[in-house]
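Keep the model open as you go.

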Amino acid sequence: MAEQGQYPEYWEADVVLRDGGTGHLRPVSPADTEALQAFHMRQSQSSIYLRFFTYKAKLSSRELKRFTNVDYRDRVAFVITLGSEIVGIGRYDRLDDPTEAEVAFNISDDHQGRGIGSILLEHLAAAARENGIRRFSAEVLPENRKMLSVFADAGYEVRRAFDDGVIALDFDIDPTDKSRAVMESREHRAEARSVADLLAPSSIAVIGASREWGSIGYQLMEHIVEGGFTGSVYAVNPEAFELAGMVSYGKISEVPKPVSLAVIAVPYEQVLDVAAECAAAGVKHLLVVSAGFADGEAGLARQRTLVRQARANGMRVLGPASLGLINTRPDISLNASMAPVMPRRGGLGLFSQSAAIGVLLYAAAQRRQLGLSSTISAGNRADVSGNDAMQYWEDDADTRVVGLYLESVGNPRKFSRIARRLATIKPVIVAKSDVTGLQLPPGHSVRITQAPKGALDAMLRQSGVIRVDTNEQLMDVAQIACSQPLPRGKGLAILSNSAALGRVLADAAGSLDLEIVHLRTDLTLDSGMSVALPVLREAVAKALADVAVHSAVVTLLPSPGLTNDHIAEGLLQAADEAGKPVVAVFTGIMDPAQQAEGVLAVRRPEASEASQAQADAAGVQQAEGEGAARQPSGLPCFSSPGAAVSALASVVRYTEWAGREHGHFTMPAGVDTDAAHAFVSAQMARVVNTELLRLGPGETAELLGYYGVKLLPSLPFRTEDEAVEAADQLGWPVVVKTMDETLRHRLDLGGVRLNIASEQSLRSNISEMRSALEPYGRFELEVQSMAPSGQGCVLRAIEDPLLGPVLSFGIAGDAVNLLDDWAHGIPPLTDVDIADLVRAPRASRRLFGYQGLPRVDVAALEDVVARLALLKDEHPEIALVDINPVLVSVQGVTVLSADIRLGNPQQRTDSARRALRD
């Protein structure tokens, strides 16, 4: 919460506007007096009348002081600026009812229609909620239709009343499913538009273009021109009069027409000055190829200055140290990259960060003849990120499959949200190393995770993406997903001309959870091409005709007279006719002229589109999440049987995920969020700096109770008489436990005594227990009611600086830690996510009737998980919740112990207000 009268710097944000441009949003301050007066005087008489219900040519000194001096709690105002100019202002003033505030906006006439009002409303609502305000009201003239639409379209339940010529509005500002959906939809459109402008500029200026062969500026200019870019191209170099047969300009300001994209390839020291010149010239976006920003804190500081300067002037930045951009659409034909030739056109969109990884991906795609729709190299990922790229590819009809190589993750909560939505319509393949999120590559300035090992991978699985480890595995999966229809199920046909090879492949497929429906290993292909190819094609067609077969792998040793190209043509024809994917494996190829890997029998894009049109006309239906039918555009081929079946299994798992029900975010019954927020806010007053505050047993029980989780009461004691009194109060039979964090769960070490039914038994157990524990030290003891027997489980939730809330689940016992048998989820969790979570640990079989034991009440366990997920999602102040154990019986669950600790959290990376992150 902002301190009274203290400027809340953390409210500042760079924002993407509806048209893809950017602006800087910040709280107003007294220093804005002159800028606000200038803003007011630029407004038309009509706009001034609609805002103030009267016309005033200038604001009075008193009005200026009131509008720019706020306390950031009862009176809050935000401005959005472009450069030094204010282009929009929004404010709220708390009313007599402390939970209500009046809100008002004023948007520049020159910037109407850019979504500024809706962004201001989102940030005002977030600040108001932080300050305990729950409702906004406003008075609007009936003719102010634009402002009425801002309120009506925000997703809130707006109530209207007409009185004395004015429309009075009021609405609750707590986020709703509809308001979140509206925010995400606006965010999606704006960020997708900004990337679309980068990939489809109307004009390009290469700043640093050079005559020197081999220089970066020379190559960039050559690649743009030779790639056939359809827009205007300008060379900017103060030391040259002519470059590549065209006039060279000394500065960007000398270019005679507007520039959409500036490609900056100047020495590191000059980048900031060039970016400032671009801002003054009205350039829309920057592609910064120049490197050097990864050199220590000084370089990172200059990088942050570059991004801040660009965003404040409406520009987005790709880079620094970017490999560049490629868009293969014929009407754009953009190769603003270091790639020497324009790649083959196709359906794969590629995102990478460092230039080195970009080179690897580009080279692998070229080698495999894998067509690309577009590529984006983010370099240091200072601004434009993989999240932005996914927003664009979601709407891009040319992109059928998305591939991302992530070296760092800046906003994983947002990544999860966008990827989950995108993966329902297109395969999303993500390559990341085991240390992604744990350490940063040079030049990357984001948070790192402290979450348990596997939490980031769990987030990716929860999002539905196909997770791989290397760029080669990314391409393995991509060449199947891009070139073939997606499989409808696990049923697999394997055909081979080698019994041993077929058997090895079948074993590998079975270990990856594929179902071997058809296995034929007696193919005879030694009779020459004219005889062997029809035999092979017929065998594959017959296997694919089986309704239980959803895909086929054909693995072959070399046969005399047969070439891989001709085999691929025949297999592609069989796949085309069946509408099912076929993968080829060519092993033992010694002839370097024979291509054994990549996409063979490639169809031209126009041929694939014609085939697709015929399929659509025929009404062919093919499983692709919720997508339409797809026809093969080539045959994916491998030299390694293991790589082939592993890639195919990844695609099968994806289609199963895309075709399943993903569940709903539901609110458990009996939750009192208002009381919980008030309780946590009151407790936070006791938190000192970075220290954690551990809640006492009563406080823990109270907070859990607000979310419908009942903690079984326990009472500490010092003497045997106190223990008997506690047992009488709680009810017999009872349990005696040590209060030591470790030993309280160790029945084998004497830390727990169960089912004590009488006073005499209690006294003797206490004496024996103290003797047994003496080798470990002296510990306080407590009495607790005896719970129904059941399976012990552990629930733990933390606030991670990178991932935000992380929920972990395991079966109680040594194995959960010794074998790392944890399952992780990132709230918010749907009911399906929760069901998956409790079934993920290897030991979870004990919940479902194991070795003759009865099945426990899994539904009751899932209810507790849902409540804890909601608790943690709503309270970043909760640094840790540890519930150990949750005892799950045949009917119901019992929470025996819980530990909750509060701390001062960082701002989460994804929130209910749109903002670009550093």
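**Exercise 1.** Decide whether Arg159 is buried, partly exposed or exposed.

*Solution.* This is a predicted model. Start with the value: Arg159 has 37% relative accessibility. Next, recall the cut-offs: buried means under 20%, exposed means over 50%, and partly exposed lies in between. So Arg159 counts as partly exposed.

**Exercise 2.** Find the salt-bridge partner of Arg159 and say which parts the pair ties together.

*Solution.* The side chain of Arg159 meets that of Asp170 in a salt bridge, at 2.7 Å from N to O. Now place both residues. Arg159 lies in strand E7, and Asp170 lies in strand E8 (residues 166-172), so the pair ties together parts 11 residues apart in sequence. Last, check Asp170: at 21% relative accessible area, Asp170 is partly exposed.

**Exercise 3.** Classify Asp163 and name the patch it belongs to.

*Solution.* Asp163 is found in strand E7 (residues 159-163). Its relative accessibility is 58%, so Asp163 counts as exposed. Asp163 forms a negative surface patch with Glu102, Glu139 and Asp164.

**Exercise 4.** Describe the salt bridge between Arg744 and Glu782.

*Solution.* First, the distance: 2.8 Å, N to O. Then the places: Arg744 sits in the loop between strand E31 (734-738) and strand E32 (752-756), while Glu782 is in strand E33 (residues 781-785). The two are 38 residues apart, and the pair links distant parts of the chain. Finally, the cover: Arg744 and Glu782 are both buried.

**Exercise 5.** How many salt bridges does a search of the whole structure find?

*Solution.* The search gives 55 salt bridges. One network of salt bridges links Asp14, Arg311, Arg316, Asp383 and Asp388.

Terms used:
Residues are numbered from 1 along each chain as its sequence is written. This is a predicted model: local features need pLDDT of at least 70, side-chain atom pairs count only at pLDDT 80 or more; totals for chains, interfaces and linings use all residues. Side-chain values use heavy atoms; hydrogens and water are left out. Patches are made of residues with over 30% relative accessible area and no salt bridge: like charges are joined within 9 Å, nonpolar side chains (Val, Leu, Ile, Met, Phe, Trp, Tyr) within 5 Å. Accessible areas come from the Shrake-Rupley method with a 1.4 Å probe; for residues, only the protein chains shown count as cover. A salt bridge is a side-chain nitrogen of Lys or Arg within 4 Å of a carboxyl oxygen of Asp or Glu. Lys and Arg count as positive and Asp and Glu as negative; His and the chain ends are not counted. The place of a charge is taken as NZ of Lys, CZ of Arg, CG of Asp or CD of Glu. Helices (H or I, at least four residues) and strands (E, at least two) are DSSP runs, numbered from the N terminus. Buried means under 20% relative accessible area, exposed over 50%, partly exposed in between (1.4 Å probe, protein chains only).
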